Amino acid sequence: MSELTITLPDGSTRNLPEGATGADLAADIGPGLAKAALVVTVDGDARDLDRVLPDGSTVSIVTADSDDGLHTIRHSTAHVLAQAVLDLWPGATYAIGPPIQDGFYYDFELPGGATFSNEDLEAIEARMRRVIDADQAFERHEADADEALELFSGHPYKREIIEQVTSGAATGELVGEASIDGSITYYRNGEGFIDLCLGPHVPSTGRLGHFALQNVAGAYWRGDEKQPMLQRIYGTAWADRKALKGHLHRLVEAEKRDHRRLAAELDLVSWPESLGPGLAIWHPKGALVRKLIEDYSRDRHEAGGYDFVYSPHIAKAVLWETSGHLDFYADGMFPPMELDGATYYPKPMNCPFHVAIFQSGQRSYRDLPSRLFELGTVYRYELSGVIHGLMRSRGFTQDDSHIFCTPEQVPDELASLLEFTLSVLRAFGFDDFQAKLSTRPEGKAVGEDALWEMATDGLRSALESAGLDYVVDEGGGAFYGPKIDVDVTDAIGRPWQLSTIQLDFNLPEQFGLEYVGADGGRHRPVMIHRALMGSVERFFGVLLEHYAGAFPLWLAPEQVRVLPVAEEHQAYAESVVERLSAEGFRAKLTPADEPLGKRVRAGKVAKVPHVLVVGGDDMANGTVGDNARGAEAPERDLPVDEFVARLAVAMESKS
RNA sequence: GCCCGAGUAGCUCAGUUGGUCAGAGCAGGCGCCUUGUAAGCGUCAGGUCGUCGGUUCGAAUCCGACCUCGGGCUCCA
């Protein structure tokens, strides 16, 4: 009997009888692995465990410990979801159901345009559990296009996928739905459930079970708003009960950090209905934190060679015609208003104003680079369904700058700009960055090829010299120039896109910008749009969630709260507050007309960094008792001088 | 904008099948208590039950429209 030679990921080899499968290989390695195996990768391609291994291949056993394994569990769970829905709703049809971050979804269309309710989710979940308990095997089958169209005759979305795939026209998420090597693959399990699918799947439904259905949503077929709206069910699935519980717990924790909740609890910001959707008002404490953020931003920009400018909130249509906004951005703008026979628009961006400032006089190469900076409030007509607290609103303030420079200055300018960006973000407690470089799009783009190349190289070398991880989005740039976007990762691992650095070869053309070069001739400057926080409001929201409302000392609206133990300690407490205020700290006193425990609790709930308790001992010795936020127990008998010195250190380090 | 869901006091929520269902806790005001570390006691005040319309003898409760919010989709040159 001939043998197969299989190479394992560690480089060792194993011999197995011809016809051996991935499951056989796992069993040959050990019973534990055989039990844990979900799929295998053969020369890097994921396959079902029961498929025969080719001789000479490199095979790796995939278990739930790996991303591939979890991906498979989620994908297979999505199949079971579809099976349950098709069982429960005769006449329902299904579209696609891929694994996603932490889970999966599946899109359906119910007969008569019916929709799912939350109660339905419970019934579906129960049905899914029955399928899982039945431990049905996932069987892989192949068919040619005609057979496949016949098999899925009652399912138009599946047929559309088959037609797309067999014609080679499949794109994006459809590619993963079926084989494109000339045949269609599908999976069968249970009595008659089949689903078009490239696979692989776990061996049987019994390997699943640690899942939860989460919510129902509408989703356009193929993500196109002109296509029918399907009913999407989202779920999460994990390798074991503990991982599922952990995930559900993280969701609860993330909800506790929700900036809208914290904004209300900490009395920072609110959104009264009377203002309109996407429009916030800033209460004193929120405004104080915002001011500290803005002050820091201004200080850094001042030190960084920026010139401060201001511009109005509205301007005549002609400005937006010249800039091109009315051509390509009109849908995102607030509607115009007529005044004295002219048409005015609220500004969706600051750039045309900064261009106008550049144009206000003749510029020489000696004036460049010119870095104009403004905390500019813009108004955008965001669709009602996308508005989300401070994260996506209709009025927000960009920490916006437009840098006008010569083409030759671009590389150096970009390098220092990226350093500057990261340095500012680090000051706010972010140290995990991920960047994206977007290059020239296919088709129409403005600007010379050489300019694109130089600018893109400049962005790339800036990323590399900053030592930043980045991905390249080929062709992802705007028509007017390449860009870098910088994401930060927050305290619970979520990415937020904050900074953007964009080259613009278009606006200088549109406005006919010029500077006089050393040669006495007129030249066109290059423009760089950049924002570090992006939107101050959104940045505040991200910080609020990042810190879970517990702002570091330098940003805390109330830094110290002083509590006299009893009324007789009031005067001493006042003297401590006065001392702290004189040192430049934000300190307040809560008098002894409530029990101490209640006042301590109130201070902790308000997330004040230091709650000081002062009583008779302290009065005699010039000390305080410090309840530092996050500390297990109070620190008694701390001399005021020592406390002040510690605060100063923490302020300096922004910790 | 589209799909689904939700709106009861400043906040968190309870209100059975339409009929003492306008309630609780916290927060707030006042009084008592004078407190050494995460909720002292009492008392008062508050709401057009998102808005408008409809069904009904009677609507927080049922129906419709709208508004706002939430989860998604689309969008974010």
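How many Å should the 20 residues of helix H9 (residues 284–303) span? At 1.5 Å a residue they should span 28 Å, and the end C-alpha atoms are 28 Å apart, which agrees. The expected span is 1.5 Å times one less than the number of residues, and helices are DSSP runs (H or I) of at least four residues, while strands (E) have at least two, both numbered from the N terminus.

This is a predicted model, where local features need pLDDT of at least 70 and side-chain atom pairs count only at pLDDT 80 or more, while totals for chains, interfaces and linings use all residues. Residues are numbered from 1 along each chain as its sequence is written, chains are lettered from A and ligands numbered from 1 in the order in which they are written, and side-chain values use heavy atoms, with hydrogens and water left out.

Let's look along H9. Its buried residues include Gly-286, Val-289 and Arg-290; buried means under 20% relative accessible area, exposed over 50% and partly exposed in between (1.4 Å probe, protein chains only). Just after H9, Gly-305 has a positive phi of about 85 degrees.

Now for the salt bridges, of which the structure holds 32. Each is a side-chain nitrogen of Lys or Arg within 4 Å of a carboxyl oxygen of Asp or Glu. Here are some of them:

| Pair | Closest N and O atoms |
|---|---|
| Glu-255 and Arg-261 | 3.6 Å |
| Asp-449 and Arg-440 | 2.7 Å |

Arg-646 lies in helix H20 (residues 640–653) and Glu-635 in strand E33 (residues 635–639), 11 residues apart. Asp-449 is exposed at 53% relative accessibility, whereas Arg-440 is partly exposed at 28%. Finally, Glu-255, Arg-261 and Glu-265 are linked in a network of salt bridges.
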